Amino acid sequence: MSPPPLDKAAVARILREISLLLQLKGENAFKVRAYDTGADRLLGMTQELGALVREGRLTELPGIGQGLADKIAELVTTGKLGLYEELKAAFPPGLLEMLQLPELGPKKVMALWNELKVGSVADLEKACREGRVRALKGFGARSEAKILEGIALHQRVHGKRKRLGDVLPTVEGLLERLKAAPGVVRVSPAGSVRRRAETVGDVDLLASAPEAGPVLDVLATAPGVAVVLGKGESKCSVRMTEGDLQVDLRVLPDEDFATALHHFTGSKAHHVRLRGLGQDKGYKISEWGVHRADGTKLLIREEADLYKLLGMQDIPPELREDSGEIEAALEGRLPEDLLTLEDVRGAVHSHSTWSDGRNSLEEMARAAQALGFQYLTVTEHSQAAVYAGGLKEEELERQWEEIDRVNEAVPGFRLLKGIEVDILETGALDYRDSVLERLEVVIGSVHIRHGMDEEQMTRRLLSAMDNPCLNIIGHPTGRLIHEREPYPFRMEEVLDRAAERGVVMEVNGSPARLDLKAEHVRQAVQRGVKLVVSVDAHKISDLHHVAFAVATARKGWARKGEVLNTLPADPFIAKLKALRAR
DNA sequence: GCCGTTTTCGGCCCGACTGTTTTCAGTCG
């Protein structure tokens, strides 16, 4: 059987892996970067990859020359690449995983491999514990301890739970196929995916159909399935190639769908409470449905009917964590106007080729419009973010000319002039106030000097919020799920100040960030702090991140009225200004 | 490996921090 055709994302992933392998090999850093920028370019391209390959027009993309074009074409047409296979064969696969650890780059990884024959994270942990690493040149006792810390973080989260945003595209692809399977009536994800938890373990899917067999077959033979782990009369388990993800599918008669969906959506804690409530009313609630004391079964068509039976408001999946939603639903004070994706009018927080984004302003504008947004806030990095191509003050004016031009070229849509200005170590902003005052949206973010202590970082943020030019704090905790802990600061104090001064908090939808996270959103909402749900887009495909920001906001009980980018452009800008003028 | 061009090769983004050094290499953002 021929290998499945590779899409943009798959080719980009291979180019990135080649870049890592070349680094291990000690190749020229600029050559290495060429592979990375090539991957960037593929992910940012608006054209169809297959068409460009067929027409031999790959080199028209900036950053892709003849060399890369040939390799990409080989990958797309044959699914293989000689160079890639050679490189993979030259190093133990565990070295790539070691590279993901903080503090470890190619040089150190190769030293560990060459000197100690440490070729995996497990080997490395052992070597550190035995004190063998400190003997190496360039390493010491401190680095040994830091590596162990890094491994602990890595293992706590890696290999077990995966980021929602990394998993959801795979899940949605499978759902599409299952919807079209023979006899299928209803299909849904369940479990943590449906609750939109920030990370998920295994994926649970549910379908209803008169006959399970043909539906189970559709999953077992779906593209991307690496191995069928088990298949019975009503269940099928598979492992996907992508991300080593396990997917379980259950198929049952449609009359059982709602109660089963409810059961497998969880959370466990939410269920335990509901079962108790059911018992009080004389019902037994289980995986198999709702039964009266005499054993007769109630017909539950929809989940909402179940909540109604228990005398409470319908509880959306995102809120089912037993964190107060049951009491609220019983008392009828669950928010009816919880934020939805449809409420969002504008995309907030984006980068273009003016700083470290991959698409031009016009491409970003057209893509955002196609997704139904009315506006997009253009917020490039500021000058302190040198590594991200941050804009100097004087470059802004030239960018505004292009924004004006795009705004004329794309009718019915508006790019808003903004900046993601660095919050410097002192809490000062990276541009003069006279420049910031001329912008429509100012997001302030911490990008450098994460290593400050709680006291210093709290002061830094509070001090930044004292500047009336600042509208929004971007990714307020700086965490990267699976990669970096949040920097330490006193969240309550910062939220109190935000409420007092009219500073808005970002709910960043980038799958690695989700920052603020749901529990912080809830704290913010309780204090009356306003929010934006953002995309933090560096390329057009990132505009979809708004869905993750919305999910996070919902999990934090945010209502439509508390999220400013549910407003049209002019009221949005006016509200930002008005909040700071209080 | 890409790009621009001086069409054949040199420049490509860099500053700060950390832990290791004793003057700096490696990593990170």
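Entry 1. I began with the term for handedness: a crossing is left-handed if the near helix is turned anticlockwise from the far one by less than a right angle, and right-handed if clockwise. I note that the model is a predicted one.

Entry 2. I looked up helix α2 (residues 29-44) and helix α4 (residues 66-78), whose axes come within 11 Å and cross at roughly 60°. That angle makes α2 oblique to α4. I found the crossing of α2 and α4 to be right-handed. On the α2 side the contact is made by A34, Y35, G38 and L42, and on the α4 side by L68, K71 and I72. I sorted the residues of this contact into five nonpolar, one polar and one charged.

Entry 3. I turned to DNA strand B, which 33 residues surround. The closest are G65, G105, G140, S143 and H447. By class, the surface near DNA strand B has 13 nonpolar, 10 polar and 10 charged residues.

Entry 4. Which part of DNA strand B do the atoms within 4 Å of the protein belong to? I read that 71% belong to sugar or phosphate and the rest to bases.

Entry 5. I then listed polar contacts to phosphate oxygens of DNA strand B. A backbone N or O atom of L68 lies 3.0 Å from one such oxygen. A polar backbone atom of G105 is 2.5 Å from a phosphate oxygen. For R142, an N or O atom in the side chain is 3.3 Å from a phosphate oxygen. The elements giving two or more residues to the surface near DNA strand B are α2, α4, α7 (106-116) and α9 (141-157). The largest share, five residues, comes from α2.

How values were computed: Residues are numbered from 1 along each chain as its sequence is written. Chains are lettered from A and ligands numbered from 1 in the order in which they are written. This is a predicted model: local features need pLDDT of at least 70, side-chain atom pairs count only at pLDDT 80 or more; totals for chains, interfaces and linings use all residues. Side-chain values use heavy atoms; hydrogens and water are left out. Axes are lines fitted to C-alpha atoms, for helices over the stretch in contact, and angles run from 0 to 180 degrees between N-to-C directions. Helices (H or I, at least four residues) and strands (E, at least two) are DSSP runs, numbered from the N terminus. Angles under 35 degrees count as roughly parallel, over 145 as roughly antiparallel, 65 to 115 as roughly perpendicular and the rest as oblique. Contact means heavy atoms within 4.5 Å. Ala, Val, Leu, Ile, Met, Phe, Trp, Tyr, Cys and Pro count as nonpolar, Asp, Glu, Lys and Arg as charged, and the others, Gly among them, as polar. A residue is near a molecule or strand if one of its heavy atoms lies within 4 Å of it. A polar contact is a pair of N or O atoms within 3.5 Å; within protein, one must be able to donate a hydrogen and the other to accept it, and residues adjacent in sequence count only if both atoms are side-chain atoms.
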